[in-house]
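Welcome, and please open your viewer.

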Amino acid sequence: MERKGRTFDVLGQLGSLRRYARSLVRNADEAEDLVHDALVKAYERKASFRRDGNLRTWLLSILHNVHIDRLRQKKSLSRRHEEAAADLETALPASQDHTVRLNQVREAFFSLPEEQREALHLVAIEDLSYQEAASALGIPVGTLMSRIARARATLRSFEETASKVSHLRLIEGGGNENR
């Protein structure tokens with residue numbers, strides 16, 4: 001499919017690629033992601049395309065292979081999650097108080113401003129060094145440290161106020177307990 005002397009004209013194939021991707025995943029957003037990933041692979045492997053080959057067939061083949069790779073990744077991830085869940089079944093469930101407390105901490109964490117939350121997540125959860133986290137976010141180390149300090153201060157103040165406030169209260173009956 002040559003157009004104006006161009007043999008690697010993927011723009012002319014976008015309609016076919018999108019239709020095929022949509023039929024594979026049955027979701028418009030996932031289909032767009034699939035087409036994008038396939039086009040990236042095609043450009044990376046542009047040198048392997050034979051000039052006398054059928055570009056449409058080649059691109060559809062790449063799209064299909066990307067789809068199969070994604071299915072395998074999902075299956076592998078699902079299997080790992082099932083194995084992890086099987087390991088967790090031997091553990092005792094958390095007490096109700098502990099579960100409520102974890103949900104409160106989680107909500108407090110997610111209520112942090114995004115820039116503080118992502119900085120704290122990279123350092124505290126992903127265990128990156130300050131330098132690595134700053135590099136990942138594209139900010140200076142001092143800015144990262146400031147964001148983490150503000151996030152921790154906010155969480156500490158949440159902790160202090162949450163420990164003072166009891167969510168349970170005693171409600172007295174109207175004297176009709178014996179009836």
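What you have on screen is a predicted model.

Stop 1: Select D29, H36 and E44. These exposed residues sit on the face of helix 2 that is turned away from its buried side.

Stop 2: Now which residues of helix 2 are buried? Select A31, L34, V35, A38, L39 and A42 to see them. Turn the view until you look down the axis of helix 2: the buried residues fall within an arc of 135°, so they line one face of the helix.

**Stop 3: helix 2 from end to end.** Show helix 2 as a cartoon; it has 17 residues. From its first C-alpha to its last it reaches 24 Å, close to the 24 Å expected at 1.5 Å a residue.

**Stop 4: the start of helix 2.** Zoom in on N27 and D29. A side-chain oxygen of N27 comes to within 2.9 Å of the backbone nitrogen of D29 at the start of this helix. Then select R26, in the loop between helix 1 and helix 2. R26 is not a glycine, yet its phi is positive, at about 55°. R26 is also exposed, with a relative accessible area of 70%.

**Stop 5: the largest nonpolar core.** This core has 20 residues, and L34, V35, L39, W58, L59 and L63 are those with the most contacts inside it. The elements giving two or more residues to the core are helix 1 (14–25), helix 2 (28–44) and helix 3 (55–88). A second, separate core has 12 residues, including L120, L122, A133 and A134.

What does L59 touch, leaving out residues up to four places away in sequence? The answer is V10, Q13, L17, L39 and A42.

Stop 6: Select R117, which is found in helix 5. Not counting residues up to four places away in sequence, R117 touches F109, F110 and L112.

Finish at D127, in the loop between helix 5 (114–125) and helix 6 (130–137). D127 has a positive phi of about 60° although it is not a glycine, and with a relative accessible area of 64% D127 is exposed.

Conventions
Residues are numbered from 1 along each chain as its sequence is written. This is a predicted model: local features need pLDDT of at least 70, side-chain atom pairs count only at pLDDT 80 or more; totals for chains, interfaces and linings use all residues. Side-chain values use heavy atoms; hydrogens and water are left out. A nonpolar core is a set of buried Ala, Val, Leu, Ile, Met, Phe, Trp, Tyr and Cys residues joined through side-chain atoms within 4.5 Å. Buried means under 20% relative accessible area, exposed over 50%, partly exposed in between (1.4 Å probe, protein chains only). Helices (H or I, at least four residues) and strands (E, at least two) are DSSP runs, numbered from the N terminus. Contact means heavy atoms within 4.5 Å. The expected span of a helix is 1.5 Å times one less than its number of residues. The arc is that of the directions from the helix axis to the C-beta atoms. A polar contact is a pair of N or O atoms within 3.5 Å; within protein, one must be able to donate a hydrogen and the other to accept it, and residues adjacent in sequence count only if both atoms are side-chain atoms.
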